[in-house]
Amino acid sequence: MTPLVAAAVLLAAVTHACWNALAHQITDKLLGFTLITGGGTVIGLALVPFTAFPKAAAWPYLATSALIHLAYTLLLMKSFRLGDFGQAYPIARGTAPLVVTVFAAVFAHEVPDGWAAAGIALSCTGLTGVALWGMRGRRPNWAAIGAALATGLSIAAYTVVDGLGVRASGSSLGYIAWLMAAEGWMIPAYAFSLRRGQLLSELRPFAAVGFLGAALSVLAYGLVLWAQTRAELAPIAALRESSVKSYSCGNNFAVQVA
């Protein structure tokens with residue numbers, strides 16, 4: 001992995017943590033993710049005319065990824081609602097690189113060497129340790145832990161699917177634009193079916209924060225997709241996760257760059 005690719009992944013980690021922090025500040029999680037995913041769709045559609053059209057081989061990956069991202073968003077919303085997010089979130093992010101390593105070996109034929117494997121294991125152990133340290137002296141919230149593990153599995157799944165898809169697409173920017181356009185409308189559509197006439201008035205107070213979160217989300221994942229065309233999937237996943245420490249401080253979600 002070149003220094004440029006590593007820097008891009010680290011920047012992606014910071015921006016990813018920031019949009020999660022913004023989402024956590026919106027108490028109504030359905031509203032928060034409606035704004036962030038819907039904003040991502042708007043950004044994706046705005047980018048589409050200025051990007052290369054993904055090659056045909058990328059479209060099965062795009063369709064699959066859109067569904068996995070929907071599952072990921074629903075699981076993440078559930079993790080937010082269950083509480084103990086400062087402990088559950090590191091579990092989700094910490095388990096993902098291990099699963100990516102297995103998936104990448106099976107589907108992309110990428111097997112990390114000894115040093116890379118050790119780094120991935122150290123990264124996952126460190127993040128999981130953050131969660132375990134936060135749980136000391138308290139009864140584990142098994143529902144939150146279960147949601148976190150399921151979220152980690154969904155992260156690993158879309159990471160590998162998108163890694164293969166962006167390589168087949170011929171354009172990192174075109175892939176992220178179409179991915180955002182394809183998957184971001186689902187949560188807003190669900191929210192509209194529940195809230196209908198009340199939705200716009202409920203969204204208005206959080207519109208600025210939500211759109212900022214959407215922009216950071218698109219930037220974060222766009223950087224990861226670009227990096228996946230230039231390095232193996234598992235080391236990128238580990239570097240992305242190991243660069244961020246998440247913890248709870250009262251009801252606030254704080255982000256610290258390692």
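Student: How many helices and strands does the chain have?
Tutor: This is a predicted model, in which local features need pLDDT of at least 70 and side-chain atom pairs count only at pLDDT 80 or more, while totals for chains, interfaces and linings use all residues. Residues are numbered from 1 along each chain as its sequence is written, and side-chain values use heavy atoms, leaving out hydrogens and water. Helices (DSSP runs of H or I, at least four residues) and strands (E runs, at least two) are numbered from the N terminus. The pattern along the sequence is α-α-α-α-α-α-α-α-α-α-α-β-β, which gives 11 helices and 2 strands.

Student: What share of the 258 residues is buried?
Tutor: Buried means under 20% relative accessible area, exposed over 50%, and partly exposed in between, with a 1.4 Å probe and protein chains only. By that rule, the buried share of the chain's 258 residues is 52%.

Student: What span should helix α6 have, and what is the distance between its end C-alpha atoms?
Tutor: The expected span is 1.5 Å times one less than the number of residues. Helix α6 covers residues 142-169, which is 28 residues.

Student: How are α1 and α2 oriented to each other?
Tutor: Axes are lines fitted to C-alpha atoms, for helices over the stretch in contact, and angles run from 0 to 180 degrees between N-to-C directions. The axes of α1 (residues 3-25) and α2 (residues 29-47) come within 8 Å and cross at roughly 140°. Angles under 35 degrees count as roughly parallel, over 145 as roughly antiparallel, 65 to 115 as roughly perpendicular, and the rest as oblique. The pair α1 and α2 is therefore oblique.

Student: Which residues of α2 make the contact with α1?
Tutor: Contact means heavy atoms within 4.5 Å. From α1 come W19, A23, H24 and Q25, and from α2 come K29, F33 and I36.

Student: Is Q228 buried or exposed?
Tutor: Q228 lies in helix α10 (residues 207-228). Beyond its neighbours within four places in sequence, its contacts include T159, D162 and R167. Its relative accessibility is 1%, so Q228 counts as buried.

Student: And what does R167 count as?
Tutor: R167 sits in helix α6, and its contacts beyond four places in sequence include A108, E110 and Q228. Since its relative accessibility is 33%, R167 counts as partly exposed.
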